[in-house]
Structures are given as structure tokens and as C-alpha cells.
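Subject: Handing over a structure

Dear colleague,

I am passing on to you the structure below, together with some notes on what was found in it. Please have it open while you read.

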Amino acid sequence: MQAFTTLHAAAVPLDLANVDTDQIVPARFLRHPRSAGYGNFLFRDLRERDPEFILDRPEYRGAQILVTAENFGCGSSREAAVWALTGAGFRAWIAPSFGDIFFENSFKNAALPIVLPAGRVAGLRSQLHAAPGTSLAINLARQTLRFPDGGIEGFDVDPFRKECLLAGIDEIALTLRHEQEIAAYEARHLTPP
Amino acid sequence: MAATLYDKIWNAHAVAAGPGGRTLLYIDRHLAHDGSFHAFEALRNAGRSVRRPEATFATPDHYIPTRDRQAIADPQLREKIETLAANAARTGITFFGPDDPRQGIVHVVGPEQGITQPGITLVCGDSHTSTHGAFGALAFGIGASEVAHVLATQALWQTRSRTLRVEARGLLRPGVHSKDLVLALIARIGAFGGTGYTIEYAGSAIRALSMEARMTVCNMSIEAGARSGLVAPDDTTFEYLAGRPYAPTGADWDRAVARWRRLPSDPDAVFEREVALDAASIEPMATWGSSPEHGVAIGGVVPDPAQQPDPTRRGSMEKALRYMDLQPGQKLEGLPVDQVFIGSCTNSRLEDLRIAASVVRGRRAVVPALVVPGSGLVKRAAEAEGLDRVFREAGFDWREPGCSMCVGMNGDLVGAGRRCASTSNRNFEGRQGKGARTHLMSPAMAAAAAVTGRMTDVRKLLAG
């Protein structure tokens, strides 16, 4: 897996709560293999309906950070939602809360979901609206986020996921190091299915 | 020390401790479906094998057509089902294929076969895996990477969730079902009210529910933001499981039941959060918007975004109203619907079909209506008691089992701009098809909508 260490990139504000993974990537695209390039499917229906959709505005071209609202990525467990975002160049998303499975899926794809208090995220979106195309700087090792106004905010990240991201570790390889413990567990507890 | 049901299952499955308080959790059962091809592909690309094939059970549901299955016309759909069959054969996992009467929606098949049992951990690459919590199993949905992880290691790194107990007091009134209960809960706590929590459903209203009805409640836990829902196992659970193909038998059964009886949360166990619901005050519900939290009693009106103080939520409400073509203050009852869908992992079990049929009997559907049983066995059982005839004579379409119009991957779609009364779990924009407008409700309410062509309080039909 690719490592995630620091990211200095333009951020897009998306003022919508409860953005579900069906909107991030509509179901009809899921039949494609991952090699199809899921970035092309990102928010497809929203973009078709709204030519002014914020991700399509020229001032946000090349943005790699999404700043949004509560419960981003709720709904279906489709990991393709994360592939659509990373395929379109995004590496980090900031919200007051995330859909739980989407949150997990993010880390598995070298992307960083950051949870900040709702008021702080709303303030950040306002700053980005006021100065479209502004960059944010994320430092994962230090767990800091530098805002356009120069303010620095710390964020929490699970130490295990942080290590995996920083080193680009494949989690399955890590688990296989515990093979003996898994086998011992099975020997103690297993009843036939 | 007093422990919750969640604690007991968690503690019994901890294999190893990881950094940051994470635990390597052993996974007892894994369910796979025809959307799991991404994970099998990742596993294969990494040159990894399936650690314990006997723990995984696969059946096509997302992509499988609900008719003309002998010759699936769409080559992409056919390929998805053939891929699952090939992956199952190659890895040695159990496969309930299109010709097998056990085929169906994974969350219907698992319980039906007795694969789902109290106290186990169960995962599936589908968010509605929370359904299986109805048995007192720790069950949650995972993404494709985690599916590959489970196939390769039979374990997952997890962080303990917080615990929320929802106590539903009293009893549901006639015409009000478990779907109404859970829609009322989500309307109350919000679509992210359960984020970070495992919800344990308790109280007299939950105890009185059948296993089918408990599954409906646990199924929708994900729509409240929780990854899992739980109901403590009791005699209702054991009666449902006894004699199921994969359930223990003989002395093993007795030992299992003795073990299962120790699972319920200790009386003095502490939950981090508690919510009480008065079940007797719950009315038949329907959603007006594009989030499962947008539910109101059928006699209610579409809320006014202007009254929502939070600007982000207000914006989402406004967007939902535009999408749904509804006005603030509009009454839900009487709103014309274009079609009806009865099915999905929320409401496609025999009990759901019986409830819907009891409303339909002797009436005619006045809009196109589709009934999709949750499994081949549900379909056969329904046909054995004549439910298919009730639906067919009323002009309903009676189909083969699958996810169908809940997720719109198999070709069963709601047309753009059309309004569907649906027993499924999600009313997201585009969920049932591009531009489709979904109103979530119980099977009884969906049946009432089918025979009146409008959103209707089903109790009025029961009284008449």
C-alpha cells in the first residue's frame, strides 16, 4: 500500500450532511472491475443534475482534500466509494463524523479521514468558500492540520491506523504475523460450523 | 464485573492485542455474495488463499435477476454470478447457487440455514450484516479489503464500540410493525445518532417481536449510523434455530443453548447511553426525504427546513425536498405513488409476506407492484400457504429471490421521477434507480399503498 505522510493540497467544501456512498458512486457502476477507473464515477448523478456542482468548478481543480459535514460516507459498505474519491485524486476527507464502514475503508486505501468538531469543520468550510482553491496542510506524523488562516488544529487518529498509513503497511501481512495466535484460538474455541 | 452482551461476545473472540487498543477479533462466520468479486480478486492478486473455507457461505443476491434466470440475458449479470460460483469452487467455500432452493439474500439465508447463531461473530461485505444481531451475534458489514482480510486470516482488527441501549417499552399497537419502530427510532436519534455505537435493543416491545421482526430492527441499525445491532437471545431465538440445517443437534444443541442463556447483558451492566421509546405511541411511519432519518407518522406532514436551525441539515432537507418534489407542510397521507416494492433484506421474510398478503387479500393493486421473496425457501413456503396466489390475483408481480429493487443492480429499477412505496432500507437519492423517489415503510403500509395507489394509513384498511 502507498504511504500517507504529509499532504499540502487544495480543499473543496461540500456543505451536505448524510452524503451516502450511493451518491459518491451510484450502484450501476459497481459491476466494473477496479481497473475501470472509479474516479470517473465520483458523484456522477449529482454532477449530471447540477452543472455547478462544486467539485466541477475550475477553482477547485486538482483539489485533494474534501471538507464536508456530518455522517459523510454513510450507507452501503461499497469500498468503491473510496476508490472513486482516490481515483479522482482525493487523499483526505474532513468531517464531524463518518459512516463507520466508509471510515475503515478509507485507511485501507491510503486515504486519511479526519474527524473534527462540527463547529470547526463548518468554520473551515466558510474559510474555503471565502477563498476558493485555498490549500490545507496535513501532517500525519504530528497529527496536525494547518488552516488557510494560519491556525493549526490537532486531530486524533488511531495509533495502529496511523502506523499502517505512515509505513504503507498491508494490514493482511500484519495479521498473518499473528498466525500462531489465530491457530491457538481456533484450537481452543472452534466448534464445527 | 457486570458485562453487556456485546462485551461477552467481544471478550470471547479476542485473539491478540494490537497497538492503540485495537484487538484482533476472531470471525466465526463470513457470508459472501455476487458483489464480493472485488475482494476475491484482491486476494487472488496477492497470491493468498482462504484460511478456513468451511466458515464462508456464498449466494448470489445483488446482481441476480428476479426472472428468466435460466438464460440470464445481461452478460454482465451472468458473469457476476458465474464469477461467484467459480470463486466458491476454487476456494472450497459453500455455495448456494441460482438453482439451489436455498439461494437468496445473504441476510435471509444465513438465519434461515442456522448459520447465524447467538454469541458468534459474523461479517459480510454488505452494510446490512447488522441484521444477524437479532440472534445475539456480533455481526457487522465490512468493505472489500476487509472481506479479503477475513478470507485470508479469519480475523479482523477492531476497536471496541460504545454501547447504546434502546429500550422499547410497552407493546406495538395493531397495524404497527417493527419497521415502524425502527423508523421512529431513526427519526428520533438521527442518521448518525448511533455512530460509534453498537445498539442493544431491549424492552417489552422487542421481547414480544418474532425473530423476523427483530431482524428488521437490527437490519436498520446501520441507517442510524451504528455498525451493529443486538437483541439478547431468548426462547424465541432458540425456537427459531432448533432444527435448522447448520444449527447444532442433540447434546451439542443442549450445550449450545446452555451457553447462549449466559449471553444476555448482566442486569447491572452499564451502557454508555440509553434511549427509551414508548412503543405504544408509535404510529405507522413513512419517509418523506432522502435519508432514513426523514421519517414521520403517516398522519404527519413534510417538515419545513426553515425551522431547522442547523444550516447544513437545513441544506440537506432542502435538497431532499427538491429531489422528492415535495413541499413543506404537505400531508404524506394521500400522496400518490407510482409503484410498490415489497422485498429486501429488511422485509422479504415469510412473516413480511404474510402481513402484506393480509392487507392485499380481496383487493386489487392499482399501481405496478413487485413482491420479491428473500430466499427460495421463503418463496416455497409462501407458495405452500397460497400467498403467491393472493398477490398474483391482486395483480402483483411475484418474482424469484434477490436484492432486486432495493439496490437496483439486477435491472429491477424505479424510473426517474417515479415515486415508490418500498419496504427496503434506504431512500437515498438514486438508490432504487437514477432519479427514483423512495418512500420507506412497512410491508403492511406498502401493501396499503399498492391497493390504494396512495400513501395510506394501513389501519384504515384493517378496520374496514
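A residue is called buried here when its relative accessible area is under 20%, exposed when that value is over 50%, and partly exposed in between. At 26%, Arg313(B) therefore counts as partly exposed. Please keep in mind throughout that this is a predicted model.

Arg313(B) forms a salt bridge with Glu293(B), their closest N and O atoms being 3.1 Å apart. Because Arg313(B) lies in helix H11 of chain B and Glu293(B) in the loop between strands E13 and E14 of that chain, the pair ties together parts that are 20 residues apart in sequence. Glu293(B), with a relative accessible area of 12%, is buried.

Arg160(B) is partly exposed at 40% relative accessibility, whereas Asp7(B) is buried at 17%. In chain A, Asp45(A) and Arg28(A) form a salt bridge at 2.7 Å, N to O; Asp45(A) lies in helix H2 and Arg28(A) in the loop between H1 and H2, so this pair joins parts 17 residues apart in sequence. Over all chains, the structure holds 45 salt bridges.

Turning to the contact between the chains, 60 residues of chain A and 59 residues of chain B take part, and the area buried between them is about 5100 Å², with carbon and sulfur atoms giving 55% of it. The count of salt bridges between chain A and chain B is 11, one of which pairs Glu146(B) with Lys108(A), with 3.7 Å between the closest N and O atoms. There are also 30 residue pairs in polar contact between the two chains. On the side of chain A that touches chain B, helix H8(A) gives the largest share, seven residues, and by class that side has 23 nonpolar, 14 polar and 23 charged residues.

Finally, Ser404(B) is placed in the loop between strands E17 and E18 of chain B and counts as buried, at 0% relative accessibility. Among the residues that Ser404(B) touches are Thr66(B), Phe341(B) and Asp412(B).

With best wishes

Key. Residues are numbered from 1 along each chain as its sequence is written. Chains are lettered from A and ligands numbered from 1 in the order in which they are written. This is a predicted model: local features need pLDDT of at least 70, side-chain atom pairs count only at pLDDT 80 or more; totals for chains, interfaces and linings use all residues. Side-chain values use heavy atoms; hydrogens and water are left out. Helices (H or I, at least four residues) and strands (E, at least two) are DSSP runs, numbered from the N terminus. Buried means under 20% relative accessible area, exposed over 50%, partly exposed in between (1.4 Å probe, protein chains only). Contact means heavy atoms within 4.5 Å. Buried area is the accessible area (1.4 Å probe) that two parts lose on being put together, summed over both. A salt bridge is a side-chain nitrogen of Lys or Arg within 4 Å of a carboxyl oxygen of Asp or Glu. A polar contact is a pair of N or O atoms within 3.5 Å; within protein, one must be able to donate a hydrogen and the other to accept it, and residues adjacent in sequence count only if both atoms are side-chain atoms. Ala, Val, Leu, Ile, Met, Phe, Trp, Tyr, Cys and Pro count as nonpolar, Asp, Glu, Lys and Arg as charged, and the others, Gly among them, as polar. Lists of a residue's contacts leave out its neighbours within four places in sequence.
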